[in-house]
Every structure is written in C-alpha cells, then in structure tokens.
Amino acid sequence: MDVESFLKSLSEADLRLSTTEDRLPSRSAPETIDALFHLPLLALVVMVIATRATLSTVLLGRKVALLLVEHFSALRRSPHGLETSFTLRRRCADALAYLEAAKLVTVSNDPAREIALTQVGKNRLEVASRDASDLGLLIRQLRINQRRVMARSGGDER
C-alpha cells in the first residue's frame, strides 16, 4: 500500500484525530528571544569577553549568556535559563567559527581550547569602540557589563 492509498483509506473511514488545546504545537518560534542569537551580536560579545583574558571554548556559551543577561535586563526575568540554551551554544559555536575564519580570534590546539583575540581583532574592536555610532556605544556598554559580570563572579571560571 502506498502513501496515497493509505491516506485515501483514512479519509474514507472518516477517522478524526482529536486533540486538546494543551497538546497543540506551539505557533511561536522555539526561542522567543531568538534575536539575541543573531550571529554578529554573538561574535561581538565573544570578542568583548576575549578582550580581558583568554576564554575557554567549554565556557563560551555560559560566559556569553552571563553577559547578555547583564546587558539586557529583561532577560533576568526570563523563565528559562539562557545559560542552558542549546540554540545559544550552537550559535556561539557558529560565531566563533566566523571570527576564526575572519582571523579576528584564534583557538589554541591544546586540550584547553582557549580563545584569544588576534592583534587584528583587538585593533578592529578598539577602533569600533571609539566610534560615535550605535556600534561604538554597544561595545562600550558591553565592556562595562562584562566588568560587572566579572565582579559578581569574582573572576570564577566555573
């Protein structure tokens, strides 16, 4: 029996599947804060974090989440922990691959897999941060919020 004949037999038998409201699939996107997972924003956040010190790839998603929550105060009331978002972690990996391909960061080949800004990356970020545009303001605000995150965590790497 092929698919078409199977579907025809179902319609002829007048079978109906009933669902309750709580079983209906969600009509919204899986992540309501999907705009935060925009690749350029995540790449910028990774660069700001890596400015202070080397950053382990293992901690990348967590560190990015902490900075985003600090910067966007509405996320503090989020019912879901941004740190555990699989989508955020995947997109952070994409942002890291982009930065590495653009030669703005390097990732060490040792088991620690540490991320460090290249000199080109440092220069680009510094020039952009001095700009009087929205980009410059965002970078300056991210740096301030990164210092707050570090002060709260005591520089703890866990």
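These are my notebook entries on a predicted protein model.

**Ground rules.** I number residues from 1 along each chain as its sequence is written. Local features need pLDDT of at least 70, side-chain atom pairs count only at pLDDT 80 or more, totals for chains, interfaces and linings use all residues, and side-chain values use heavy atoms, with hydrogens and water left out.

**Overview.** I looked up the secondary structure and found 6 helices and 3 strands. Helices (H or I, at least four residues) and strands (E, at least two) are DSSP runs, numbered from the N terminus. Read from that end, the order is α-α-β-α-α-β-β-α-α. I also noted that 32% of the 158 residues are buried, meaning under 20% relative accessible area with a 1.4 Å probe, protein chains only.

**The sheet.** I followed S1 to S3 (residues 114–117) and found 2 bridges. Serine 56 has glutamate 114 in S3 as its bridge partner.

**Two helices.** Next I checked H5 (residues 119–129) against H6 (residues 134–153): their axes come within 7 Å and cross at roughly 110°. Axes are lines fitted to C-alpha atoms over the stretch in contact, and angles run from 0 to 180 degrees between N-to-C directions. H5 is therefore roughly perpendicular to H6, a label for 65 to 115 degrees. Leu125, Glu126, Ala128 and Ser129 in H5 meet Leu135, Gly136, Ile139, Arg140 and Arg143 in H6, with contact meaning heavy atoms within 4.5 Å.

Methods
Two strands pair if DSSP finds at least two bridges between them. Angles under 35 degrees count as roughly parallel, over 145 as roughly antiparallel, 65 to 115 as roughly perpendicular and the rest as oblique. Buried means under 20% relative accessible area, exposed over 50%, partly exposed in between (1.4 Å probe, protein chains only).
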